[in-house]
Amino acid sequence: MKKTFKKVLAWLMATGMTLSLCACGGDNGDSGDSGSSSSDTIEWSFYSAYGPEDGACCAVWQDLFDRIYEETDGRLQITTYWYGQHPYEGEEMLKVVSDGTAELTHFYSGYVESVDPALSVEALPLLMPVDAYEAYDILTALWGNFSGDTSGTLESILQEKWGATMVHCMPASPQRLFTAGYDAVGPNSLEGHKIRSYSTATAAFVQALGGTPVSISLSETYTGLSTNLVDGLITSTLIGYNNGVFDFIDAVNVWEISSSTDGIMCNQEALNSLPDDVREIFQRIMNESATAPETSELELNDELLAQLESEGVRVLTPSDDFRNSIREEMEETVWQEWLADAGDAGQAVLDQVNSLL
């Protein structure tokens, strides 16, 4: 497995990306007392809910920040603070960007379910198309093409409730079901099995297949697998791999439970305070990348899955009919419960998703 990880890193390097970490100094990136910065340098902070090697997005982000620094002639410097280098969890990122603690923060829908349910729509199990590119086209419209366009229902909520705007997003590897010693692509295939889940939605999905959801953090999952506390989990292929679960897991059940994306939110006041030319460069670089879109994580996910299969891990896919039957069950239960929490804003989001589907 270590050899595979080296290949993953080599692949990232071959694409011209780097996983370099900006030096963290001063008071969370504030520029007031920074003797090393010129008087024209604006210093921003980006708080990530990931570590520097938790996804291909980490390399993409740093590349974008480097380009912005270069094209603004050093007038906008963005320092990345990875998970553990700041005191916040993923579910706190909305508040962090809203109150201006950091000008930029990481958005991942699975983290915000309990904070603002309407913004977590892409985490609803089996809502989005199986094809990651089709799913991303829908998300792009919901975020207003990352241009501040409030015709996108998610962008409208983010602006109105949190004073922020989504400036960048990229597709990530989808959420899948990983099992140890059994398959999970048929009716009641999880009966008698305990599956690590991380939200009410993923717990309901486990129950729909007859399993018992167990709520433990990802960092506890390796020990949980080794002690038989759980014998399966829901996560993405890359995150699971980086956390060592394939020491126990021998099957990837390709349900594409939800189509994950990793985004960057920007405090609107901070954005509007930038000099016009600096703001134009920042928005252009971010928008061009987001709408391309960046597909490095999808490509890395495919490469890693093929590598795992060559090492003996089974890759299994449910039939379309069975997947659709579970989707209907999710619509009647999880989606409706989500709507009860998300209210009118959630209904507006779901209406737009259905119109795009």
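Mentor: Let's start with a definition: buried means under 20% relative accessible area, exposed over 50%, and partly exposed in between (1.4 Å probe, protein chains only). This is a predicted model, where local features need pLDDT of at least 70, side-chain atom pairs count only at pLDDT 80 or more, and totals for chains, interfaces and linings use all residues. Residues are numbered from 1 along each chain as its sequence is written, and side-chain values use heavy atoms, with hydrogens and water left out.

Trainee: Why is glutamate 71 called partly exposed?

Mentor: Its relative accessibility is 35%. Partly exposed lies between the buried and exposed limits, so glutamate 71 counts as partly exposed.

Trainee: What makes arginine 284 and glutamate 71 a salt bridge?

Mentor: The term asks for a side-chain nitrogen of Lys or Arg within 4 Å of a carboxyl oxygen of Asp or Glu. Here the closest N and O atoms are 2.7 Å apart, so the pair meets the definition. Arginine 284 lies in helix H10 (residues 276–291) and glutamate 71 in helix H2 (residues 56–71), so the bridge ties together parts 213 residues apart in sequence. Helices are DSSP runs (H or I, at least four residues), and strands are too (E, at least two), numbered from the N terminus.

Trainee: Which residues are linked with that pair in a network?

Mentor: Salt bridges link Glu71, Glu280 and Arg284.

Trainee: Lysine 161 and aspartate 116 also form a salt bridge. Why is lysine 161 called exposed, and why is aspartate 116 called buried?

Mentor: Lysine 161 has a relative accessible area of 52%, so it is exposed. Aspartate 116 has 3% relative accessibility, so it counts as buried.
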